[in-house]
Amino acid sequence: MIKEPNLAFCKITEQSLEDSKAQNVTKLELFNKSSLCDYMFIATGTSSRHVHSICINLKKEFKKVGLKHIDMEESGESNWVVLDAGDVLVHVFQTEAREKY
């Protein structure tokens, strides 16, 4: 059985990242390739505050459409934040952290 990707969450993610002025956004389509998620996004924020706010804004957008189980993990300095919304996984880095990883 072939799984259909969750395009709605993908579009919400793309729009929220754009609205939050995330930079260097990369989208990886993983549906039917990984059981981890349908889409993985990697983006860059300009400061720890920007990285944090990008993820907070995205989390709010997911909650607006009824998504309840959203996990967010961040490093101590907020130079890397991971937002796990099930079908969508989002990594937001500061520039230095993204270059490192």
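Before I start, the model is a predicted one, in which local features need pLDDT of at least 70 and side-chain atom pairs count only at pLDDT 80 or more, while totals for chains, interfaces and linings use all residues. Residues are numbered from 1 along each chain as its sequence is written, and side-chain values use heavy atoms, with hydrogens and water left out.

Which residues of helix 1 are buried? They are F9, C10, I12, T13, S16 and L17, where buried means under 20% relative accessible area, exposed over 50%, and partly exposed in between, with a 1.4 Å probe and protein chains only. Seen down the axis of helix 1, these buried residues fall within an arc of 165 degrees, so they line one face of the helix; the arc is taken over the directions from the helix axis to the C-beta atoms. The face turned away from that buried side carries K11, E18 and D19, which are exposed. As for what the buried residues pack against, the partners are strand 1, strand 2, helix 2 and strand 5, with contact meaning heavy atoms within 4.5 Å.

Leaving aside residues up to four places away in sequence, S16 touches N57, L58 and E61.

That brings me to helix 2, residues 48–64, which has 17 residues and reaches 25 Å from its first C-alpha to its last, close to the 24 Å expected at 1.5 Å a residue. In helix 2 the buried residues are H50, V51, I54, C55, L58 and F62. Viewed down the axis of helix 2, they fall within an arc of 130 degrees, so they too line one face of their helix. On the other side of helix 2, R49, K60, K63 and K64 are exposed. The buried residues of helix 2 pack against helix 1, strand 2 (39–45), strand 3 (71–74), strand 4 (80–84) and strand 5 (88–94).

Turning to the aromatic rings, the structure holds 3 aromatic pairs; rings of Phe, Tyr and Trp (its six-membered ring) pair if their centres lie within 6.5 Å, and planes under 30 degrees apart count as stacked, over 60 as edge-to-face and the rest as tilted. One of them joins F9 and F62, whose ring centres are 5.6 Å apart with planes at 85 degrees, so the pair is edge-to-face. This pair links distant parts of the chain, with F9 in helix 1 and F62 in helix 2, 53 residues apart. F9 is buried at 15% relative accessible area, and F62 is buried at 0%.

Now some backbone angles. Most residues other than glycine have a negative phi. K21, which lies in the loop between helix 1 and strand 1 (23–29), has a positive phi near 60 degrees, and at 61% relative accessibility K21 counts as exposed. N24, found in strand 1, has a positive phi of about 50 degrees although it is not a glycine, and N24 counts as exposed at 55% relative accessibility. Helix 2 is followed by G66, whose phi is positive, near 95 degrees.

How many disulfides are there? The count comes to 0, taking a disulfide as a pair of cysteine sulfur atoms within 2.5 Å. For C10, the nearest cysteine sulfur, that of C37, is 11 Å away, and C10 is buried at 3% relative accessible area. For C55, the nearest cysteine sulfur is again that of C37, at 14 Å, and C55 is buried at 0%.

Finally, the strands, where two of them pair if DSSP finds at least two bridges between them. Strand 3 and strand 4 pair in the antiparallel sense over 4 bridges, and E74 has V81 in strand 4 as its bridge partner. Strand 4 and strand 5 also run antiparallel, joined by 5 bridges, with V82 standing opposite H91 in strand 5. The hairpin of strand 4 and strand 5 has 3 residues between the strands, and there G86 takes a positive phi near 85 degrees.

Key. Helix = DSSP H or I, 4+ residues; strand = E, 2+ residues; numbered from the N terminus. Expected span 1.5 Å × (residues − 1).
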